[in-house]
Amino acid sequence: MRITLSFAATADGFLDDRSDRRLMISTPEDWEAVLRLRARCDAILVGAGTLRRDNPALLLRDPEVRARRAAAGLRPDLTKVTVTRSGRVDPSMRFFTEGDADRYIFSEAKIDGVEGIAEVISSDGSITPAFIVTELERRGIRHLLVEGGAETLRMFLDAGLADVVRRAVNPHLRLGPEKGGAQFRFEPPQGAACTVEHLGGMEVTTCLLHPDTAAEDLRRLDEAVREGFRCTPCASCYRVGAVIVLPDGRAFRGYTHETSPTHHAEQEAVRKALDAGADLRGAAIYSSMEPCSQRSSEPESCSQLILRQGFARVVFACYEPACFVRCQGARMLREAGVDVRVYPELAGRVLEANAHLKG
Ligand SMILES: NC(=O)c1ccc[n+]([C@@H]2O[C@H](COP(=O)([O-])OP(=O)(O)OC[C@H]3O[C@@H](n4cnc5c(N)ncnc54)[C@H](OP(=O)(O)O)[C@@H]3O)[C@@H](O)[C@H]2O)c1
């Protein structure tokens, strides 16, 4: 999933003031640009603090964009998402009452009165950005826009899960510590590719925190998917292929049950790489399916193996279907700081390879 953080700040780094009314930091030109950015995303997320303070509707305003989405079989508005520990969200908020959108609430508490208008998603532990991203991705979200507030932006940034940060600063607005409310400062890290533009008096910096690797990812993932077809179909396993790519460009391949009836594709590829003397720290593994998170026939799961070997990236096409167990591989890897990328455009072929397991 691609994750964009977007916010508007005063010259001294505040997202809001302490008054009762909603502070507009953006100029009309900048606000128009934010609406255009929304139109390129699938879902929009704000923290419950922002819902309570600003009561935003989080809609797409352009009728053409809404009509285009509807024609493509989507709800006209972006999927709306919020996150709360306390459960203090009210069904009368505009988040719930305005627009035609799917709505998800990630909540640690029970929430009454939202049945039929929103899905409440809870976790067996605390709600982490990795959990949010994984659950949204499972529901088909490919581009998430996080619009604040401060705690929520910080949470995604600190977890290393932001791909792009859009910071719009109004240089004419200063609040000072007495009037200033929520504060969020973002300084582009070294190596980020940033552009600056001026929009109606706002200084807008857009930083690409991770290079776009989609073309190479798809090429390698396609190899992994083809590798999966080499496995003989059996009733108790998925046919999966894996390709490991080392930082020096060397590659190792494997598929389910290639040398042992208990081996998964990732294990087969790792074994070949280790036999060749490779150091897997910092390497990428492309697997046609989400690496497993629990095993009964082997001492460790593929996700544990990937973490133990120090892989930096995991790329896969298809979340593991719930045929055998509820897989938590993607979440587990993301929570450990691994860069996990999913390309569902190749998932159809993975399901085709596994058609023998249908029903
Ligand atoms: N200028 C801008 O671009 C912009 C954009 C958006 C918002 N804002 C401003 O930002 C301010 C709000 O910022 P904020 O930092 O106070 O609030 P926030 O980030 O909007 O929301 C924080 C709340 O989100 C929930 N939350 C955060 N992380 C969570 C986690 N890991 N698990 C479960 N729940 C989690 C908690 O809700 P509970 O308290 O319910 O447990 C927490 O109190 C407002 O003043 C708003 O106007 C400005």
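## Ground rules

In this predicted model, local features need pLDDT of at least 70 and side-chain atom pairs count only at pLDDT 80 or more, while totals for chains, interfaces and linings use all residues. Residues are numbered from 1 along each chain as its sequence is written, and side-chain values use heavy atoms, with hydrogens and water left out.

## Overall fold

The protein chain holds 12 helices and 14 strands; these are DSSP runs numbered from the N terminus (helices: H or I, at least four residues; strands: E, at least two). Its C-alpha trace spans about 65 × 45 × 40 Å along the principal axes.

## Packing and surface

Of the 359 residues, 53% are buried (under 20% relative accessible area, 1.4 Å probe, protein chains only). Among contacts with a separation of 6 or more, 70% join residues 24 or more positions apart; a contact means heavy atoms within 4.5 Å.

The protein chain exposes about 16,500 Å², and carbon and sulfur atoms supply 50% of that area (Shrake-Rupley method, 1.4 Å probe).

## A closer look at G191

You will find G191 in the loop between α7 (176-179) and β8 (193-199). G191 counts as exposed because its relative accessibility is 78%, and exposed means over 50%.
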